[in-house]
Amino acid sequence: MVITIGKAGDNDFVVNDPHVSRYHARLSRDEEGCLFLEDRDSTNGTFVNGGQIVKKKVSPTDTILLGETYKLDLSEALKAGNDYSEDFARLKEIYDTYIEQKVKIQSTNQFKTRLLQTLPFAFIGVTGVLISTLGKGSAVLFGISLFVAICVPVAGIYLGAKQSAKIPRQLQDLSNRFKIDYVCPKCGTFLGEVPWESLSNRKQCPVSSCKAKWVKD
Ligand SMILES: [Zn+2]
């Protein structure tokens, strides 16, 4: 991959600055994925982190100046060559976090639901013992125990059902956010619930008008 940079209209990345030469610099990527910036005998020179260069390995955190005044945005220049690999790489974390949170929501809710549905039955057992021992001879105590023995399990079952109903809503919220974040960095098309590794095997966006390269050649 090579991206030419300069003032002339036939460069991949056209810069409109009086101090930038017509064919000022060239950005390339080697087989290991390292980026190199090369000056093309420009009039005012190319500078990386304050030092003038002929050819130098660069990264997005470097401060790059063309002709001492024009600050080159490396990721913008890469996009001119349809190279979206830096942005695409960030999608891995978005996918991993999504799966992690989905599993978390499901397991937490499962535990709470099961707890709420099991407790009432434990309670019935305890109350049964209380009724048979304490309730002997006292009609009022027997009545109260019976009332509690019925109400608590019903409440537990109700809360358990309510808890399990929360799952779809939380998952819906999570999936809505995922649909906004897990998109092609260039065209914004949602990439589906497809693992990041599978997408990276495709190397580029399947949308024919997009042409974004997700993984460098
Ligand atoms: Zn795309």
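This is a predicted model: local features need pLDDT of at least 70, side-chain atom pairs count only at pLDDT 80 or more; totals for chains, interfaces and linings use all residues.
User: Why is Arg22 called partly exposed?

Analyst: Arg22 has 13 C-beta neighbours inside 10 Å. A residue is exposed at 12 or fewer and buried at 20 or more. The value of 13 lies in between, and therefore Arg22 counts as partly exposed.

User: Where does Arg22 lie, and which residues does Arg22 touch?

Analyst: Arg22 lies in the loop between strand E2 (13-14) and E3. Leaving aside residues up to four places away in sequence, Arg22 touches Gly6, Lys7 and Ala8. Contact here requires C-beta atoms within 7 Å.

User: What makes strands E1 and E3 a pair?

Analyst: Pairing requires at least two bridges. Strand E1 (residues 2-6) and strand E3 (residues 25-29) have 4 bridges, so they pair, in the antiparallel sense. Within this pair, Val2 stands opposite Ser28, and Ile3 stands opposite Leu27.

User: How do you know that E3 also pairs with E4?

Analyst: E3 and strand E4 (residues 35-39) are joined over 5 bridges in the antiparallel sense; the requirement is at least two, so they pair. Leu27 stands opposite Leu37 in E4. The two strands form a hairpin with 5 residues between them, and Gly33 in the turn has a positive phi of about 95 degrees.

User: Why are E2 and E7 called edge strands?

Analyst: The open sheet has 5 strands in the order E2-E1-E3-E4-E7, with mixed pairing. E2 and strand E7 (55-58) each pair on one side only, and they are the edge strands.

Terms used. Residues are numbered from 1 along each chain as its sequence is written. Two residues are in contact if their C-beta atoms, placed from the backbone, lie within 7 Å.
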